[in-house]
Amino acid sequence: MTQLEELLATWMPQQRWFAGKGLPVDAVTVEEQHHLIPGVPGLRALVVAVGQGGVADRYQVLLGLRRAGTLGAELRHASIGSCELPLDGSERMVVRDVYDAAHDPELTGLLLQRLAEDGTGYAVRFRRLPGAVIRRGLRSLVLTGEQSNTSLVYDEEYILKVFRRLWPGHNPDLELTAALADSPFVARPFGWIEADLGDPHSGEPVPTTLAMLQEYLRSATDGWVLAATSVRDLYASPETPPGEAGGDFAGEAERLGSATAAVHRDLARALPTDVLSPSAMTAMAGAMAARLHRAVRQVAELAPYASVLRAAFDAFARLDAPLPVQRVHGDYHLGQVVRTDVGWVLLDFEGEPAVPVAERQRLSSPLRDVAGMLRSFDYAARYQLIGHPRERELAGPARAWAQRNREAFSVGYAYGGGIDPEKHQTVLRAFEYDKAVYEVMYEARHRPSWLRIPLDSIAALAG
């Protein structure tokens, strides 16, 4: 490995967006270095392949360069280290301080400027949506708390999501958001950044989304935060029914259901739809059963419920009615929606970042998104009970809160023109169980103390 690759091998596993935490790094290779700003301070967009356990994943690193020893105090937290690098346009090696340039507004301002210009002629291409007007000269700030990507907010006017895990192809977040550009239920898109990435199978270059620019919603409040606040209000007076407690969330849940249905309708109008045949549904049920089998082998606590889960998947496989499918959100939960002054807005149509783009683009039933949100209500109700001194007393109110909001969301979804979840329980149950099985595996690996949440939910659903 080069000096830069050795530094990245140490730095990247420490970042929140790195997907291979806990696994040894076998190799790090800088596959591409796109020089966005030459000289110093300089900016390069790197495509970095990280090998772990015989599999190589690609990541994007925005690399800032400054003269050795000149990295200021405001950027030291973003330091990657110092190493020798070729001088721009020559073979001469010079020592540079390198760092995560996402934290350097002096450099990231150029990204906004290039998007405003709709820059062409670069290996990295800056694209502006037709009719979009982008202001220049705004200062960026990195949002904290993101797990998979890095988002820069420009003076509370725009948000630039930099995709860290790279898969060849147009990112579904850009694809679906552009299709919904006129919808009041999404943040308006303005443009994107792309470059060609080699397909791992054919080696052919594929246009690949590196980042996308959207409207920043100043007044937005995260749906998870609002739901968690409602649950805390209920816990303060557990003897009060959820509908009578302060901060009741059911009205918002119903409105969120209606917004979700509207987005699904718009996606069905703008993008391809299809109908799954009974044989395709049998294959889908088989994939669910296979995930369950793997999960039971990894998490023994799931075994007592395996027969109930398998029966739900078998019932799904036996349905003889065709299943309408379309493009959907794909990773839908309370953390993917925000409440603004005028209503609910859906975010992050990227799907699961660990899955190749082609798989995330597959059509699915909109009830898959409904199931994801229903699971999220269960999480919002139960996670605050972990370690709570009054856990037994509050378990009942938590279940009642979750059920009330699950029902309200389903009513809103049907009222908004979506498939009535109550009339398609076999399909909904299969998707919800499949999501819960995924949650069991995730929690067992990453948050063992939370494992009881999906297990308790499965027990309640089975009952």
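How far apart do the end C-alpha atoms of residues 247–379 lie, and how much of the span is helix and strand? The ends lie 18 Å apart, and the span is 53% helix and 12% strand. This is a predicted model, in which local features need pLDDT of at least 70, side-chain atom pairs count only at pLDDT 80 or more, and totals for chains, interfaces and linings use all residues. Residues are numbered from 1 along each chain as its sequence is written, and side-chain values use heavy atoms, with hydrogens and water left out.

**Annotated span**

- UniProt, in an unreviewed entry, lists residues 247–379 as "domain: Aminoglycoside phosphotransferase"; UniProt positions are given in the numbering used here, feature names are shortened, and annotations may be inferred rather than shown by experiment.
- Helices (H or I, at least four residues) and strands (E, at least two) are DSSP runs, numbered from the N terminus.
- Strands β16 (residues 337–340) and β17 (residues 343–346) run antiparallel and are joined by four bridges; two strands pair if DSSP finds at least two bridges between them.
- These strands, β16 and β17, form a hairpin with two residues between them, and Arg 339 stands opposite Trp 344 in β17.

**Six-stranded sheet**

- An open sheet holds six strands in the order β6-β11-β12-β9-β8-β7, with antiparallel pairing.
- Because β6 (125–128) and β7 (140–142) stand at the edges with a single partner strand each, one side of each has no neighbour in the sheet.
- From one strand to the next, the twist averages 25° (axes are lines fitted to C-alpha atoms, for helices over the stretch in contact, and angles run from 0 to 180 degrees between N-to-C directions).
- Six bridges pair β8 (residues 149–154) with β9 (residues 158–163) in the antiparallel sense, and Thr 150 has Val 162 in β9 as its bridge partner.

**Helices on the sheet**

- Helix α2 (residues 105–117) lies across β6, β7, β8, β9, β11 (189–198) and β12 (205–215), at about 55° to β6.
- Helix α3 (residues 172–179) packs on the sheet and touches β9, β11 and β12, its direction making about 55° with that of β12.

**Nonpolar cores**

- A nonpolar core is a set of buried Ala, Val, Leu, Ile, Met, Phe, Trp, Tyr and Cys residues joined through side-chain atoms within 4.5 Å, where buried means under 20% relative accessible area (1.4 Å probe, protein chains only).
- The largest nonpolar core has 65 residues, of which Phe 377, Trp 401 and Phe 409 touch the most other members.
- Helix α11 (residues 425–446) gives the most to this core, with nine residues.
- Beyond its neighbours within four places in sequence, Phe 377 has contacts (heavy atoms within 4.5 Å) including Phe 249, Leu 334, Trp 401 and Phe 409.
- Another core, of 41 residues, lies apart from the largest one and has Tyr 99, Ala 102, Phe 190 and Ile 193 among its members.

Definitions and conventions:
Buried < 20%, exposed > 50% of the residue type's maximum accessible area, 1.4 Å probe, protein only.
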